[in-house]
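Here's a quick briefing to read with the model open in your viewer.

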Amino acid sequence: MLRLSSLSKDFGGLRVLDNFDLTIPSRGIFGLIGPNGAGKTTVFNLITGLLPPSSGSIEFAGERLNGLPPFMITRRGIARTFQNIRLFKEMTAEENVLVAMGDPQCGMLKALLPGAYKRVEDSERKSAGELLSRVRLSTKAHQRAGVLSYGEQRRLELARALATRPKLLLLDEPAAGMNAAEKQELMEEIEKLEATGLSILLIEHDMRFVMGICAEIAVLNFGRWIAQGSPVEIRAHPKVIEAYLGNNLREDS
Amino acid sequence: MEWLDSFWSTYSTFVLATGTNVLLALSIYVTLACGLLSVANAGFMAIGAYSAVLLTLRTGTPLPIALIVGAIAAAMVALLIGVPTLRLSGVYLAMATLAFGEVVRILILNAENVTGGALGLNGIPQLVGLFDVVFSVTVALYVFLRLAQSRVGRTITAISQDEIATELMGLNVRAYKLVCFVVGAALAGLAGALNAHFTFFISPNEYGFERAVEILAMGVIGGVSSPWGAVLGGSLITALPELLRGMGRYRPLINGGILIIIILYSPKGLWDGLQTVLRRPRR
C-alpha cells in the first residue's frame, strides 16, 4: 500500500537517507529499526510531507505523494504520532481528539446556526468518546492534556491519530518511557488496531517489543537499508548485529 | 430623558469610539488567537477609512455601501500581502506587518491629489450613528462567539499551540491563518470606515505606529481566550484616558502604569484574570 522507491534526503552536504526502498502491505505490523541517527524519523517526516525528499518517490494506494502538503497526506489516510509527544496541551483530552476528527467540509456557515451545528457537534463528541474509551481515557475526557500522565498522553496521541481515520498508522517510538506492564498493554492495543484492518509502521528501540509484535522488520544504518525480514531473520542477520554491536573482527585485526 | 440627551451630546463621540475600538480589538483578536503576531491592523484601518470616505465625500455614495467597500478593500489588500508574509512567524511577521503599516501611511501621505496628503480629508459627513456601531459590534461579536465554540475555534486554538501537529491532523493550517488574517483586516477596515464618519476629519498620522501598538494593546490586555476579552480590552483602552481626565499631566503615566499592572497580574489578559477570580471558591 505504501511504497518508497530510492528515496533520498540531503541536509546540505549530509546524506541522511540514501536510496531507501520500502514496501508496506495494506495490513500488518511493520517495524523500522536502526541505531540512533540512522534516519528513521526522517523517513516518517518524508512520508508525512513535513520534509520534501531530495530524490525518489513516495506512493500511497497507487498515488504519488511527493510535493503534497502534510494535511493532504493525512487526508489520504496516513496518520502519525511523535517521538516527543505533541499534544495540544492547553486543550482537554476530548478537544484534542475532536480537532483531529474534522470533517473539513463542515464549514463555518453551519457553525453560525446553533440548531444545525448542535447535531454535528453531538455526533462528533460521541465518536470522540468511543475513541477515548478505546484507549482507556474516558474518565479523563475533560482534563487538560498537559496534566495527564506520560502513559496517558501517549495513549491520547494514539487516539488523536486514529481520529483522522487512517489506513496507515506511523508510530514513532510508541513504547518509549513505558514500563514493562504498559508496554505489554500497548502491544495488545496495537495488535487490536491491526485486527481492525489497519496497516502499522513503527519505529522502536525496544527490541523485545519490536520482535514481539512485528511481522516484518526493516533495518536502517547511517541512512542506508541494510536488512529486511522476519524477526527471526533480523535477529540473526550479521549486518544487523554489526550495526548494533560493532564488528569483532575489525577490533581484533 | 433630558439626562440622556445631555449625556449623549457630551459623550456621543466617546461611545462611538468605544464601539469602533471594540471592533479593532476583535480584529487583532482573530490573528492573535491563531498565534499570528500581526500589527498591520492600523494600516487596514486606514485603507478602510480612506476608501469609504472618498466614496461618501466625493461621490455621495450611501453609507452602508461605503462601509462594505471599506471592509472589502482592506480584505483584498490583506489577501494580497497575506500569501507571502504569513510564511513568517513570531517577531518576523511583526516586523513585516509593521513595515506594511508604514508603507500604507506613506502612500496616503504622498498621494496628495486623492487623499489630501498630510492635511488629510476634512468635512467628512457625519453619517454614522449609534445604531451603525452597535449593529456592527453585535454582528461581529455574535459570529466570533459562535465560531469560537465550534470546530473552527478549536482548530484555531490548536494552531496557536502546535502548527505542525494541527497540520498533521489533516487541517489546512495555511488557509486557516490566511482566513484569520483577512477577516481581521476586513474588521479593521470596517472600524476605520465607521470611525471616519463621526470624526469629521482623517489624516495619515492617525493610522501610524502608535495606533498599531494601541490596537495590539487592546488585544493583549483583553486576552485572546474569548472574544469577550477583546470587548473588555477595547473598552478599557478607550475608557481609561477618559476616567483619568482629572489627573492632569500625569495622565499618560498613570494610564501606562495601570496597563503594566494588568499584564503583570493577569498575563493572559483581563478576561482570563476575571474568570480565575470568579471561579475561585469563596471561603
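Let's begin with a helix pair in chain B: α2 (residues 41-59) and α3 (residues 63-85) pack at an angle of about 145 degrees, and their axes are 8 Å apart. The crossing of α2(B) and α3(B) is right-handed. Keep in mind that this is a predicted model.

**The α2/α3 contact in chain B**
- On the α2(B) side, the contact is made by B:Phe44, B:Ile47, B:Gly48, B:Ala49, B:Ser51, B:Ala52, B:Leu55 and B:Thr56.
- From α3(B) come, among others, B:Leu63, B:Leu67, B:Val69, B:Gly70 and B:Val77, along with alanines including B:Ala66 and B:Ala78.
- Sorted by class, this contact has 14 nonpolar and four polar residues, and no charged ones.

**Chain B as a whole**
- Chain B has 13 helices and zero strands, so the pattern along its sequence is α-α-α-α-α-α-α-α-α-α-α-α-α.
- For 283 residues, a compact globule would have a radius of gyration near 19 Å, and chain B agrees with that at 19 Å.
- Along the principal axes, the C-alpha atoms of chain B fill a box of roughly 50 × 50 × 35 Å.
- Of the 283 residues in chain B, 48% count as buried.
- Take the contacts in chain B with a separation of 6 or more: 79% of them are between residues 24 or more positions apart.

**Buried spots in chain B**
- Helix α7 (residues 151-161) of chain B is largely enclosed by the rest of the structure, because eight of its eleven residues are buried.
- B:Leu16 sits in helix α1 (residues 2-33) of chain B, and it counts as buried because 21 other C-beta atoms lie within 10 Å, where the cut-off is 20 or more.
- B:Leu16 and B:Leu130 are 114 residues apart in sequence, yet their C-alpha atoms are 6.5 Å apart in space.
- Setting aside neighbours within four places in sequence, B:Leu16 is in contact with B:Val128, B:Val133 and B:Phe198.

**Where chain A meets chain B**
- The two chains touch through 23 residues of chain A and 22 residues of chain B.
- On the chain A side, α2 (70-76), α3 (93-101) and α4 (108-111) each supply at least two residues.
- By class, that side of chain A has 13 nonpolar, four polar and six charged residues.

**Domains of chain A**
- Chain A is divided into domain 1 (1-77 + 166-253) and domain 2 (88-165), with their C-alpha centres 28 Å apart.
- Seven residues of domain 1 of chain A are in contact with seven residues of domain 2 of chain A.
- The domain 1 side of that contact divides into four nonpolar residues, two polar and one charged.

**Positive phi without glycine**
- A:Ala61 is not a glycine, but it has a positive phi of about 50 degrees.
- A:Ala61 is placed in the loop between β4 (55-60) and β5 (63-64) of chain A, and it is partly exposed, with 14 other C-beta atoms within 10 Å.
- B:Phe200 also has a positive phi, near 70 degrees.
- B:Phe200 is found in the loop between α9 (173-196) and α10 (209-222) of chain B, and it is partly exposed, with 13 other C-beta atoms within 10 Å.

Key: Residues are numbered from 1 along each chain as its sequence is written. Chains are lettered from A and ligands numbered from 1 in the order in which they are written. This is a predicted model: local features need pLDDT of at least 70, side-chain atom pairs count only at pLDDT 80 or more; totals for chains, interfaces and linings use all residues. Helices (H or I, at least four residues) and strands (E, at least two) are DSSP runs, numbered from the N terminus. The radius of gyration is taken over C-alpha atoms; the globule rule is 2.2 Å times the number of residues to the power 0.38. A residue is buried if 20 or more other C-beta atoms lie within 10 Å of its own, exposed if 12 or fewer, and partly exposed in between; C-beta atoms are placed from the backbone. Ala, Val, Leu, Ile, Met, Phe, Trp, Tyr, Cys and Pro count as nonpolar, Asp, Glu, Lys and Arg as charged, and the others, Gly among them, as polar. Axes are lines fitted to C-alpha atoms, for helices over the stretch in contact, and angles run from 0 to 180 degrees between N-to-C directions. A crossing is left-handed if the near helix is turned anticlockwise from the far one by less than a right angle, and right-handed if clockwise. Domain bounds come from an automatic or database domain assignment.
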